[in-house]
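Dear colleague,

Please find below the structure that I am handing over to you, followed by an account of what was found in it. I would be grateful if you would read the two side by side.

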Amino acid sequence: MPSQDPVCRIDGARLWASLMAMAQFGATQKGGVRRLALSAEDGAARAAFGAQCAAAGLAVRVDAVGNMFARREGREPARPPVLFGSHLDSQPSGGKFDGALGVMAGLEVMRTLDDHGLGTAAPLELVNWTDEEGSRFGLGLTGSGVWVGAHGLDEVLARTDADGVSFGAALDAIGARGAAPAASFPVDAYFELHIEQGPILEQAGAMIGAVTGAQAQVWYEAVATGQDAHAGTTPPAARKDALVCAARVVDLVDRMMRARGADGRGTVGRFEVRPNSRNVIPGEVRFTVEFRHPSSAEIDRIDAQFPREAGFIARDCGVTLAITRMFRMPAQAFDPECVALVQAAAARAGYASREIVSGAGHDAVLLARRLPVAMIFTPCRDGLSHNEAESMAPDEATAGCQVLFEAVLARANRPALA
Ligand code: HGY
Ligand code: MN
Ligand code: MN
């Protein structure tokens, strides 16, 4: 019987306990997590999650890029499964809930079905996507990107981290390279529960965000190359200072963001000065640049403007500047039918909801290129995320999980398409 029955409630205390237990993997002094993709901490978290799925009677399989899928059979096994989940990897100084909420809430959905002896017509699959954050290997949405075909498997396996460790070697180091093909398979729909990572829901007093899509973005890697030289003996005219060039490019990024008003987003997150010695004029600076905007056309304009103007800066500094676009992602709309399911689920569960466009990128954004997708947002305190102080209330986690439960079941129990 589909869970229209209001008594079919997820166990909020069990969910919160599972989130706090997951937060122990890579726990930091300041109350956050450092669980970089394919690190030992990620490996331990994956092992615990896999064991919990197995204990819940789910059939766990792992693909060649480390994506973990935990399957609960349906009454009609031949139907494409309803997929839901998120990611367990974190930022270097990340929060307890970014990604982990969607994965642990998905496990709670499975556990609640068992508690109530409920089956579903379509199978269900819970997923932990590998390396959503991109912090360690520089790409981002990596496991889901290979799954949908946006990233090539060999390209991903060959990427290296700051220590020269390849993605493939890191997979093997924690035993995460699975036998299943890292490629898409038939899926009926995908739902992802995630904290909003911004202030909109909290300011609106809405417990649930029915996410209608995500904004556009473009990511670059940049290398400014000048010449190492003596800080004391090199006159201004002879300097090829890579740091001065990079600093002016950082200012350009900020000016381009602010020129676009409240919707502007421009960030330089990584910045590595070499040789990074106090009395040497830096000969090389490696840094990242990203822009985001609700309008794909605006990102296209930014993608034309930024390399051009950064090139002028480099020329004036007598420095070469190599800019590599990592990816450009257009604004992505989610499936209206799945969004409506989320809104109906929130109403059924008794929560206020409002539509919202995601400022953050998510695995769901890439999956939406291939299949019907919707996301569910919950508020997070002060809209703060990608910060160890990231926080949410237990009742918010419960609300998000209940809506995920209702939406997944409504989709999985709908009449099979002819
Ligand atoms: O960067 C992002 O938008 C995501 O939170 N990793
Ligand atoms: Mn996330
Ligand atoms: Mn994140």
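To begin with one residue: does Glu125 count as buried or exposed? At 2% relative accessibility, Glu125 counts as buried. Here buried means under 20% relative accessible area, exposed means over 50%, and partly exposed lies in between, with a 1.4 Å probe and protein chains only.

Some conventions apply throughout. This is a predicted model, in which local features need pLDDT of at least 70 and side-chain atom pairs count only at pLDDT 80 or more, while totals for chains, interfaces and linings use all residues. Residues are numbered from 1 along each chain as its sequence is written, chains are lettered from A and ligands numbered from 1 in the order in which they are written, and side-chain values use heavy atoms, with hydrogens and water left out.

The metal site

The protein donors of the manganese ion (ligand 2) are His87 (NE2), Asp98 (OD) and His194 (NE2), at 2.1 to 2.3 Å from the ion. Donors are N, O and S atoms within 2.8 Å of the metal (3.2 Å for Na, K and Ca); water is not among the atoms, so sites may look incomplete. Along the chain, the donors of this ion follow the spacing H-x10-D-x95-H. His87 lies in strand 3 (residues 82-87) and Asp98 in the loop between strand 3 and helix 3 (100-115), so this pair ties together parts that are 11 residues apart in sequence. Helices (H or I, at least four residues) and strands (E, at least two) are DSSP runs, numbered from the N terminus. His87 is buried, with a relative accessible area of 1%, and Asp98 is buried as well, at 6%.

Glu133 is in the loop between strand 4 (124-129) and helix 4 (142-148), and His386 is in the loop between strand 16 (373-378) and helix 12 (394-412), so the pair ties together parts that are 253 residues apart in sequence. Glu133 counts as buried at 8% relative accessibility, whereas His386 counts as partly exposed at 42%. The two manganese ions, ligand 3 and ligand 2, are 3.4 Å apart, and Asp98 coordinates both.

The two domains

The chain is divided into domain 1 (12-215 + 331-412) and domain 2 (216-329); the bounds come from an automatic or database domain assignment. Taken over C-alpha atoms, the domain centres are separated by 33 Å. In all, 17 residues of domain 1 are in contact with 13 residues of domain 2, contact meaning heavy atoms within 4.5 Å. The domains bury about 1100 Å² between them, 50% of it on carbon and sulfur atoms. On the domain 1 side, Leu139, Gln215 and Ala331 lose the most area to domain 2, together 49% of what that side buries. Buried area is the accessible area (1.4 Å probe) that two parts lose on being put together, summed over both.

Between domain 1 and domain 2 the count is one salt bridge. A salt bridge is a side-chain nitrogen of Lys or Arg within 4 Å of a carboxyl oxygen of Asp or Glu.

Salt bridges and a buried arginine

Across the whole structure, a search finds 29 salt bridges. In one of them Arg61 pairs with Glu125, the closest N and O atoms being 2.8 Å apart. This pair links distant parts of the chain, with Arg61 in strand 1 (residues 59-62) and Glu125 in strand 4, 64 residues apart. Arg61 counts as partly exposed, at 28% relative accessibility.

Arg72, in strand 2 (residues 68-72), is buried, with a relative accessible area of 13%. Its side chain makes a polar contact with the side chain of Asp114 (2.7 Å), and the backbone oxygen of Leu118 lies 3.0 Å from a polar atom of the Arg72 side chain. A polar contact is a pair of N or O atoms within 3.5 Å; within protein, one must be able to donate a hydrogen and the other to accept it, and residues adjacent in sequence count only if both atoms are side-chain atoms.

With kind regards
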